[in-house]
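Colleague: I would like to learn how to read this model one feature at a time. Please give me the general idea where there is one, then the case at hand.

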Amino acid sequence: MKRDVLEDVVKFQKMLGRHEQKKVEDLQNALAMFLDENTEFIDEFMPLDDSDMDDNIDFELINRQNIAKEAVDVIYTLLGILVQLDIPVLEAIEKVNESNFSKFLPSKSLAESQLLGVRKKYGMTTDDRIDIKSCTVDGEDFYYFSRLSDGKMLKPLSYLEADMSMISGNEIERV
């Protein structure tokens with residue numbers, strides 16, 4: 001039996017009395033909980049010292065079960081905040097997915113044709129190196145821009161910003 005996780009998050013928020021009430025205090029409490037959960041997640045990596053961060057992570061040094069639990073707590077808490085704010089979570093995720101996938105181009109020739117424009121968009125000189133990287137997923141080739149200095153993925157000229165116009169208003173009651 002497959003459960004609807006989002007419905008469970010909504011139910012949990014209702015049980016806490018947060019779904020119907022729109023108060024700043026409730027949101028502040030939820031944000032504090034989110035920060036606490038993030039700290040607990042990060043703390044799971046504390047067995048790693050700085051020397052471990054220079055190379056690949058040795059999974060023997062960390063408890064992956066605890067990391068999974070803490071990561072899901074972070075996600076769950078964040079979903080609760082979105083539910084509290086009446087943000088249509090699944091629709092928002094779809095819009096962000098569309099935006100993220102627009103960072104990839106379907107052909108190398110298209111990427112090459114946008115290279116100068118991307119350099120200009122980011123205020124880069126010809127000395128700043130941009131690589132056109134490629135990947136193949138499910139038999140399809142994709143291309144994207146990567147700044148050599150830090151590996152940051154650069155948005156192509158055809159990038160589409162996530163459209164969040166389905167979210168309206170400020171309905172938080174200030175008490």
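This is a predicted model: local features need pLDDT of at least 70, side-chain atom pairs count only at pLDDT 80 or more; totals for chains, interfaces and linings use all residues.

Colleague: What joins strand 1 to strand 2?

Modeller: In general, the strands of a sheet pair through backbone hydrogen bonds, in a parallel or an antiparallel way. Here, 8 bridges join strand 1 to strand 2, and the two run antiparallel.

Colleague: In what order do the strands form the sheet?

Modeller: The order is 1-2-3, in an open sheet of 3 strands with antiparallel pairing.

Colleague: Where is leucine 148 found?

Modeller: Leucine 148 sits in the loop between strand 2 (140-147) and strand 3 (153-154). Leaving aside neighbours within four places in sequence, leucine 148 is in contact with Arg129 and Asp131. Arginine 129 is 19 residues from leucine 148 in sequence, yet the C-alpha to C-alpha distance is 5.5 Å.

Colleague: Now the helices. How do the axes of helix 2 and helix 4 cross?

Modeller: An angle over 145 degrees counts as roughly antiparallel. The axes of helix 2 (residues 24-43) and helix 4 (residues 64-84) cross at roughly 165° and come within 9 Å. Helix 2 and helix 4 are therefore roughly antiparallel to each other. The residues making the contact include Leu27, Leu31 and Phe34 of helix 2 and Ile67, Val74 and Leu78 of helix 4. Helix 2 passes helix 4 in a left-handed crossing.

Colleague: How many helices and strands are there in the protein?

Modeller: There are 6 helices and 3 strands. From the N terminus, the elements run α-α-α-α-α-α-β-β-β.

Colleague: What share of the residues count as buried?

Modeller: Of the 175 residues of the protein, 25% count as buried. The protein exposes about 12,500 Å², and carbon and sulfur atoms supply 52% of that area. Among contacts with a separation of 6 or more, 67% are between residues 24 or more positions apart.

Methods: Residues are numbered from 1 along each chain as its sequence is written. Side-chain values use heavy atoms; hydrogens and water are left out. Helices (H or I, at least four residues) and strands (E, at least two) are DSSP runs, numbered from the N terminus. Contact means heavy atoms within 4.5 Å. Two strands pair if DSSP finds at least two bridges between them. Buried means under 20% relative accessible area, exposed over 50%, partly exposed in between (1.4 Å probe, protein chains only). Accessible areas come from the Shrake-Rupley method with a 1.4 Å probe; for residues, only the protein chains shown count as cover. Axes are lines fitted to C-alpha atoms, for helices over the stretch in contact, and angles run from 0 to 180 degrees between N-to-C directions. Angles under 35 degrees count as roughly parallel, over 145 as roughly antiparallel, 65 to 115 as roughly perpendicular and the rest as oblique. A crossing is left-handed if the near helix is turned anticlockwise from the far one by less than a right angle, and right-handed if clockwise.
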